[in-house]
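Hi everyone, thanks for coming. Please have a look at the sequence and the structure on the screen, and I'll walk you through them.

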Amino acid sequence: MTTRNESDPTNQSANRTKANRDNNRRLNKSAKEVLALWKQVPAKRVVKGDIKNNIDYYEYDTDIPITQVSEIINRNLDTDLDSRPFNWYFDEYTERAWRSGTIQENAWVTVLLSGTALAVIPTETLFLSPTYTVSLELLQDGSYLLIKNLANTTTSQIMQVIQSGIASGLSRSAIARKIVERFEVSKSAAARIANTEINRDYNNARMGAIDAYNENGIKLGVMHISALIATTRANHARRHGRVYTTQAQRRWWASGANRINCHCSTRGAVINNKNEVVDKKMQNKVRARGREFFKK
Ligand SMILES: [Zn+2]
């Protein structure tokens with residue numbers, strides 16, 4: 001059986017860390033380039049006479065063209081194209097999540113089916129199935145649109161920071177600080193995207209494997225496994241140990257903000273014709289752990 005970190009049921013923390021580091025590096029590089037451009041904009045200092053105090057006011061001949069800011073950010077995030085380019089940098093992380101979800105679910109199902117006459121599907125067969133390949137492509141397209149959208153939002157927000165700084169007559173270094181702050185906001189937005197997407201892809205791969213078994217006539221549902229950590233939402237923790245069909249689980253994740261920053265996962269469970277778990281003893285044990293969460 002695979003050992004898993006209970007507080008990270010998707011087991012993707014290393015992958016998420018790598019993806020976040022990559023996004024941060026790309027956004028930091030963008031910030032550096034935008035700041036270099038900003039340094040070149042000529043400014044003159046005007047001291048505004050005032051009865052009580054003298055206020056320094058800065059006047060700029062021009063701002064930075066939006067096309068240049070947009071070019072910098074899109075180049076660093078590789079988001080110039082309308083659709084996902086071949087070998088886009090983020091695909092590495094989604095594919096890793098996807099592959100490990102498939103491998104881990106199939107290892108789990110192998111345990112479930114051991115001692116029964118039911119056949120395990122080889123993992124390579126799962127990888128080669130057309131449904132699998134198409135769904136991975138669709139997930140990667142989805143990630144691309146989110147990060148492309150982040151690039152656009154960042155561009156317009158950076159422009160806004162520069163233009164309102166100029167309008168207020170702020171100094172060059174004060175505006176530079178605001179540019180850096182705005183890139184920090186984009187970095188946390190990027191982290192939310194990366195964490196959510198990677199966990200989603202991992203879980204979709206696990207559920208995709210279950211679908212493949214169901215198509216082969218083997219009745220499996222998915223048991224919701226919650227991280228049960230301080231940030232776990234109560235309505236996620238309450239599902240810990242409950243079993244659903246893959247359709248119902250997908251529908252739940254798709255509704256509202258359930259996906260956002262969700263650390264929950266699922267694993268297969270053998271169910272009967274009434275969609276009830278066959279191994280009640282195991283389910284009760286998992287459910288008991290879920291109830292402990294609410295006692296803290
Ligand atoms: Zn969750």
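The chain is divided into domain 1 (14-39 + 67-162 + 171-216) and domain 2 (219-296), with bounds that come from an automatic or database domain assignment. Before we go on, please keep in mind that this is a predicted model: local features need pLDDT of at least 70, side-chain atom pairs count only at pLDDT 80 or more, and totals for chains, interfaces and linings use all residues. Residues are numbered from 1 along each chain as its sequence is written.

Let's start with how the domains meet. Taken over C-alpha atoms, the centres of domain 1 and domain 2 are 25 Å apart. Across the boundary, 16 residues of domain 1 are in contact with 16 residues of domain 2; contact means that the C-beta atoms of two residues, placed from the backbone, lie within 7 Å. Which elements give two or more residues to the side of domain 1 that touches domain 2? They are α3 and α6, and α6 gives the most, with twelve residues. A word on names: helices (H or I, at least four residues) and strands (E, at least two) are DSSP runs, numbered from the N terminus. That side of domain 1 divides into six nonpolar, five polar and five charged residues. Here Ala, Val, Leu, Ile, Met, Phe, Trp, Tyr, Cys and Pro count as nonpolar, Asp, Glu, Lys and Arg as charged, and the others, Gly among them, as polar.

Now to the inside. The largest nonpolar core has 50 residues, and those with the most contacts inside it are Val34, Ile147, Ile179 and Val222. Such a core is a set of buried Ala, Val, Leu, Ile, Met, Phe, Trp, Tyr and Cys residues joined through C-beta atoms within 7 Å. A residue is buried if 20 or more other C-beta atoms lie within 10 Å of its own, exposed if 12 or fewer, and partly exposed in between. Helix α6 again gives the most, with 14 residues in this core. Why does the core lie between the domains? Domain 1 and domain 2 both give residues to it, so it lies between them.

Let's zoom in on one residue of α6 (residues 172-215), namely Ile193. Ile193 counts as buried because it has 20 C-beta neighbours inside 10 Å. Leaving aside neighbours within four places in sequence, Ile193 is in contact with Leu146, Ile147 and Leu150. The C-alpha atoms of Ile193 and Ile260 are separated by 8.1 Å, although the two residues are 67 apart along the chain.

Next, the sheet. Three strands form an open sheet in the order β4-β3-β5, with antiparallel pairing; strands pair if DSSP finds at least two bridges between them. Its edge strands are β4 (243-244) and β5 (265-270), each pairing on one side only. Strand β3 (residues 220-225) and β5 pair over six bridges, and Gly221 stands opposite Ala269 in β5. Our friend α6 packs on this sheet too, touching β3 and β5, and its direction makes about 20° with that of β5. For that angle, axes are lines fitted to C-alpha atoms, for helices over the stretch in contact, and angles run from 0 to 180 degrees between N-to-C directions.

Finally, the other strand pair. Strand β1 (residues 43-48) and β2 pair in the antiparallel sense over six bridges, and Lys48 has Ile55 as its bridge partner in β2.
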